[in-house]
Amino acid sequence: MNKSATIQLRNLSIGYQGKTHAKVVAENICSDIYAGELTCLLGTNGVGKSTLLRTLSAFQPKLKGEIQVNGKNLEKYNDKELSTILSVVLTEKCDIRNMTVRELIGMGRSPYTGFWGRLNSRDREMVEQAIELVHIQPLASRMLHTLSDGERQKAMIAKALAQETPVIYLDEPTAFLDFPSKVEIMQLLHRLTRETHKTIFLSTHDLELALQIADKIWLMDKINGITAGTPEDLALKGNLSRFFASKGITFDMESGLFRITNNYREQIRLTGHGYRYAMVRKALQRNEILAGRHIESEIYIETEGGANDGFTLHHPERSPIQASSIEHLLELLQEYKKQEKTATVHNCTCPSQ
Amino acid sequence: MKAAGRNTILLLLILLIICLFLFLNMVLGSVHIPMSAVWHILTDQGEEPQTWQNIIWKSRFPQALTALVAGAGLSISGLQMQTVFRNPLAGPSVLGISSGASLGVAFVVLFSGSIGGVALSHLGFIGEVALSIAAIVGSLSVMALIVFASHKVKGNVTLLIIGVMIGYLANAIIGILKYFSVEEDIKTYVIWGLGSFSRVSGNQMMLFVTIMAVLIPLSFLLVKTLNLLLLGDGYARNLGLNIKRARILVITCSGVLTAIVTAYCGPIIFLGLAVPHLCRVVFQTSDHRILMPACLVMGAALALACNLIARMPGFEGALPVNSVTALIGAPVVASVLFRKRKNELNE
């Protein structure tokens with residue numbers, strides 16, 4: 001295997017050293033971060049994600065244990081060496097006026113520039129390369145204070161790239177962004193791990209995205225400390241469902257993603273395939289009705305084959321009713337329920353499939 | 001590099017304005033001296049009256065040079081403070097360093113009266129030197145306190161608040177001193193507090209200019225540090241900057257500049273706060289490699305202009321510099337900032 005662990009944590013305890021006693025945030029962390037992989041740190045607010053990131057980026061001292069970067073203890077590096085090994089993208093918003101994006105990215109070259117911070121031709125080349133990698137050529141000459149949050153985040157990532165470090169840490173890079181920007185940033189970071197073989201480690205609250213894009217997930221909680229693995233392994237082992245159990249979130253094994261836990265009060269038979277089937281099923285789920293083709297019930301819904309692309313509500317005694325949209329279908333169901341409060345619809349609280 | 005060319009032209013333009021103002025400072029004043037005579041005296045040719053030569057060389061030239069150097073020093077000091085505290089309202093006086101100078105002066109002026117029985121204003125040259133020394137001792141001790149505090153506290157804001165508190169403390173002590181002083185001494189102190197570029201004379205002026213000529217180039221050594229500090233502590237640190245040391249260096253540099261200027265000219269307000277903003281707008285950059293020289297020339301030019309106005313015929317040197325800096329400078333800077341806003345919206 002040519003996979004090499006860039007960062008190795010051994011029995012690491014993190015927290016804050018007080019005058020009399022230390023406040024331990026998390027202890028006994030043993031895990032590795034690999035080069036060429038996107039690793040996402042997940043955990044609830046206050047569990048110590050930021051503390052871990054701050055400790056890893058040498059902003060604050062660890063309490064116990066070891067942090068090895070490229071086989072060497074983190075505290076053995078001096079400030080200058082560290083700046084060429086680790087780069088960071090932080091949550092603190094840098095609102096600098098009158099600085100262009102290119103100038104900001106140029107600041108990433110500071111560890112390599114001389115006394116006056118003047119960029120030489122190689123520095124300028126690295127800056128342009130970083131701009132290219134992040135695809136922000138159109139923004140390069142813009143002033144930083146005119147950028148949107150997402151664009152600024154990309155500029156910051158480009159700054160980290162210009163720093164030419166094998167490791168990049170990002171503290172919640174997708175916070176405050178709209179959904180397409182979140183996806184864009186995550187995909188960008190994933191692409192960077194592949195194109196540059198860098199070690200990228202980030203903390204995030206965007207579960208869905210992390211589960212789809214991350215190579216490795218680190219789950220952090222108060223009880224177990226850190227559990228690491230690919231999203232799929234963690235799913236199979238049940239770590240993911242345990243991690244978010246009792247919070248109204250269910251891990252859906254079929255899709256490998258999370259969804260809101262539904263309590264079902266009724267069941268109904270649903271026939272058909274594909275999108276239309278899935279969408280009707282989802283709408284019924286929200287209305288606390290478990291629907292599926294394996295369920296037996298007196299009335300049932302047919303999602304295809306009906307006239308003019310509608311949905312058909314079949315009834316054992318009456319003629320089938322056509323619904324033009326899912327909204328219409330839900331109305332029909334409600335009406336039906338009002339009319340017949342008999343046992344045509346099973347009353348039960350069944351768990352999900 | 002279009003921007004670089006534009007900036008060079010702007011810098012040269014301001015340098016030209018400085019030369020013009022410098023000359024005007026020689027020409028204008030309560031005694032009318034024709035322009036040609038001024039030129040002859042400056043270039044040391046022709047036979048102009050001795051009184052005119054004295055006025056130029058002993059009064060107008062030292063005053064103009066003092067204004068130039070003080071303006072440059074305060075503006076650079078203000079820029080450094082604004083960057084290190086990342087606060088647009090910071091200025092040379094924000095850390096209570098000029099309050100420290102005032103306290104030193106207040107001690108000397110007000111105590112010499114009550115204890116020695118002589119009003120300092122009667123002591124002439126010795127009194128002048130005593131005031132300068134008192135101001136330097138006062139401001140540098142406050143600065144030492146701030147540097148000590150910056151070792152202890154982490155946040156910038158905390159440090160800023162400590163500085164402001166020290167300023168209040170100094171002012172409170174000054175208030176008490178004033179309360180127990182005789183009227184004549186209080187007047188001396190108040191006049192000192194109004195600021196003036198004409199207080200420095202002869203040898204003292206040479207000393208002042210020499211010190212500043214050493215300090216200002218020294219402050220230029222901090223440009224990379226200042227640029228990194230712009231990014232915020234986290235990023236700066238990640239880029240290899242030792243934040244604590246950087247902060248102490250910048251505060252010390254800025255503090256010493258303020259201390260020296262305040263010692264010789266009294267607390268000059270406004271310039272140090274306004275010039276950096278003006279430079280950012282005019283040069284449209286936050287790069288200290290450009291902002292530092294920009295502040296230097298802009299501060300010098302503005303101080304010369306203020307000095308000129310304070311000495312306009314009619315005022316006869318009666319107008320205190322501090323009133324002029326604020327009265328003339330504030331609207332100018334405000335209008336520039338307003339125009340900038342409009343442009344931004346149009347873009």
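This is a predicted model: local features need pLDDT of at least 70, side-chain atom pairs count only at pLDDT 80 or more; totals for chains, interfaces and linings use all residues.
A residue is called buried when its relative accessible area is under 20%, exposed when that area is over 50%, and partly exposed in between. B:Asp287 and B:Arg289 form a salt bridge, in which the closest N and O atoms are 3.0 Å apart. Because the relative accessibility of B:Asp287 is 12%, B:Asp287 counts as buried, whereas B:Arg289, at 31%, counts as partly exposed.

Side chains of opposite charge can pair when their charged atoms come close. One is formed by the side chains of A:Lys216 and A:Glu37, with 3.1 Å from N to O. This pair links distant parts of the chain, since A:Lys216 belongs to strand S9 (residues 216-221) of chain A while A:Glu37 sits in the loop between strand S2 (22-34) and strand S3 (38-42) of chain A, 179 residues apart. Both A:Lys216 and A:Glu37 are buried.

Another salt bridge brings together the side chains of A:Arg109 and A:Asp123, at 2.9 Å from N to O. A:Arg109 lies in the loop between helix H3 (101-107) and helix H4 (121-133) of chain A, and A:Asp123 lies in helix H4 of chain A, so the pair ties together parts that are 14 residues apart in sequence. A:Arg109 has a relative accessibility of 1% and therefore counts as buried, and A:Asp123, with a relative accessible area of 3%, is buried as well. Through salt bridges that share partners, A:Arg109, A:Arg122, A:Asp123 and A:Glu164 are joined into one network.

From charged side chains we turn to nonpolar ones. In soluble globular proteins, nonpolar side chains tend to be buried together. The largest nonpolar core here has 187 residues, and among these A:Leu52 and B:Phe208 touch the most other members. Helix H3 (residues 50-84) of chain B gives the largest share of this core, 13 residues. In chain A, domain 1 (5-85 + 165-247) and domain 2 (102-159) both give residues to the core, so it lies between them. If residues up to four places away in sequence are not counted, A:Leu52 touches A:Leu12, A:Ile14, A:Ile29, A:Leu41, A:Trp218, A:Met220 and A:Ile226. A second, separate core of 16 residues includes A:Leu270, A:Leu313, A:Ala323 and A:Leu333.

Burial can also be followed along a whole helix. Helix H9 (residues 223-230) of chain B is mostly covered, with eight of its eight residues buried, among them B:Val223, B:Lys224 and B:Leu230. The buried residues of H9(B) pack against H3 of chain A and also against H3, helix H10 (233-238), helix H11 (243-265) and helix H13 (288-310) of chain B. After H9(B) comes B:Gly232, whose phi is positive, near 100°.

The strands come next. Strands of a sheet pair through backbone hydrogen bonds, either parallel or antiparallel. In chain A, four strands make an open sheet in the order S2-S1-S4-S5, with antiparallel pairing. Its edge strands are S2 and strand S5 (72-73) of chain A, each of which pairs on one side only. Strand S4 (residues 64-69) of chain A pairs with S5(A) in the antiparallel sense over two bridges, and A:Val69 stands opposite A:Lys72 in S5(A). Helix H1 (residues 49-56) of chain A packs on this sheet, touching strand S1 (5-17), S2 and S4 of chain A, and the direction of the helix makes about 115° with that of S1(A).

Chain A also has an open sheet of six strands, in the order S6-S7-S8-S3-S9-S10, whose pairing is mixed. Strand S6 (86-89) and strand S10 (225-229) of chain A stand at its edges with a single partner strand each, so one side of each is left without a neighbour in the sheet. From one strand to the next, the twist averages 20°. Within this sheet, strand S7 (residues 167-171) and strand S8 (residues 199-204) of chain A run parallel and are joined by five bridges, and the bridge partner of A:Asp171 in S8(A) is A:Ser203. Helix H5 (residues 149-162) of chain A lies across S6 and S7 of chain A, running at about 175° to S6(A).

Note on methods
Residues are numbered from 1 along each chain as its sequence is written. Chains are lettered from A and ligands numbered from 1 in the order in which they are written. Side-chain values use heavy atoms; hydrogens and water are left out. A salt bridge is a side-chain nitrogen of Lys or Arg within 4 Å of a carboxyl oxygen of Asp or Glu. Buried means under 20% relative accessible area, exposed over 50%, partly exposed in between (1.4 Å probe, protein chains only). A nonpolar core is a set of buried Ala, Val, Leu, Ile, Met, Phe, Trp, Tyr and Cys residues joined through side-chain atoms within 4.5 Å. Domain bounds come from an automatic or database domain assignment. Contact means heavy atoms within 4.5 Å. Two strands pair if DSSP finds at least two bridges between them. Axes are lines fitted to C-alpha atoms, for helices over the stretch in contact, and angles run from 0 to 180 degrees between N-to-C directions.
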